[in-house]
Amino acid sequence: MAPQRLVVLISGRGSNLKALIDACERGEINGRVVGVISNRPDAGGLEFARARGIPEQVLNHRDYAGREPFDAALAGAIEAFEPDLVLLAGFMRILTPGFVERFTGRLLNIHPSLLPKYRGLDTHARALADGETEHGASVHFVTPKLDGGPVIMQARVPVLADDTEASLSARVQQAEHRLYPAAAGLVCSGRIQWSEPTIRYDGAPLEAPLQLDHEVTSHAPGESS
Ligand code: GRF
């Protein structure tokens with residue numbers, strides 16, 4: 001499989017963007033980040049992309065009359081980079097169904113919970129309020145249902161008795177920085193593929209999300225994981 005062209009969409013700090021770029025540079029992902037797009041001009045991740053010499057672009061959603069025109073412009077900006085895969089990494093915008101359909105199968109997101117638990121916002125606070133003993137993050141293909149697409153891989157972390165929202169969030173984010181490259185790497189090598197409604201892993205239906213540090217091996221196609 002040819003090295004994949006990745007476009008990363010951000011709204012903020014960009015620590016997952018950094019993890020993805022680093023993993024590409026270390027050769028852990030069969031691809032490279034060819035463009036970064038932010039909907040916020042002040043997103044910290046833009047500076048990081050600039051420092052690495054990766055083309056970056058700001059598309060401020062406030063400059064558009066609504067979701068449809070913004071998503072149309074966003075789709076055009078993405079396509080200009082000719083991506084194989086589009087990675088949402090802390091991109092804080094709800095995308096229109098038309099946009100999602102246009103990129104179906106090549107659009108991934110990372111969400112800070114063990115989906116299907118805690119779709120939406122404030123996941124760490126909600127997990128703490130519910131007394132969860134385990135929390136984590138998920139990488140999934142994006143569908144029009146918010147945080148509802150099929151999950152490729154999850155990372156699990158313990159919830160400790162004295163955790164605050166900040167301490168739990170920091171633990172999840174550390175795991176995210178290994179999770180997103182691992183999941184994106186499987187897609188970029190062709191080992192993970194999604195043809196609706198089934199994710200295939202080395203050709204076999206993926207019955208449950210892969211677990212970071214558990215089932216991901218370098219086994220050959222056809223062997224069980
Ligand atoms: C991450 O926690 C991710 O799960 C969520 O937004 C956060 C982005 O952080 N979708 P960063 O901008 O990658 O540092």
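Which residues touch the most other members of the largest nonpolar core? Of its 46 residues, they are Leu87, Leu108, Ile152 and Ile192. A nonpolar core here is a set of buried Ala, Val, Leu, Ile, Met, Phe, Trp, Tyr and Cys residues joined through side-chain atoms within 4.5 Å, and buried means under 20% relative accessible area with a 1.4 Å probe, protein chains only. Helix α6 (residues 165-188) gives this core its largest share, 10 residues.

Before going on, please note that this is a predicted model, where local features need pLDDT of at least 70, side-chain atom pairs count only at pLDDT 80 or more, and totals for chains, interfaces and linings use all residues. Residues are numbered from 1 along each chain as its sequence is written, and side-chain values use heavy atoms, leaving out hydrogens and water.

Helices (H or I, at least four residues) and strands (E, at least two) are DSSP runs, numbered from the N terminus. In α2 (residues 44-51), Gly45, Leu46, Phe48 and Ala49 are buried. Seen down the helix axis, the buried residues of α2 fall within an arc of 160° (taken from the directions from the axis to the C-beta atoms), so they line one face of the helix.

| Element packed against by buried residues of α2 | Residues |
|---|---|
| β1 | residues 4-10 |
| α1 | residues 15-25 |
| β2 | residues 31-38 |
| β3 | residues 56-58 |

After α2 comes glycine 53, with a positive phi near 75°.

How values were computed
Buried means under 20% relative accessible area, exposed over 50%, partly exposed in between (1.4 Å probe, protein chains only). Contact means heavy atoms within 4.5 Å.
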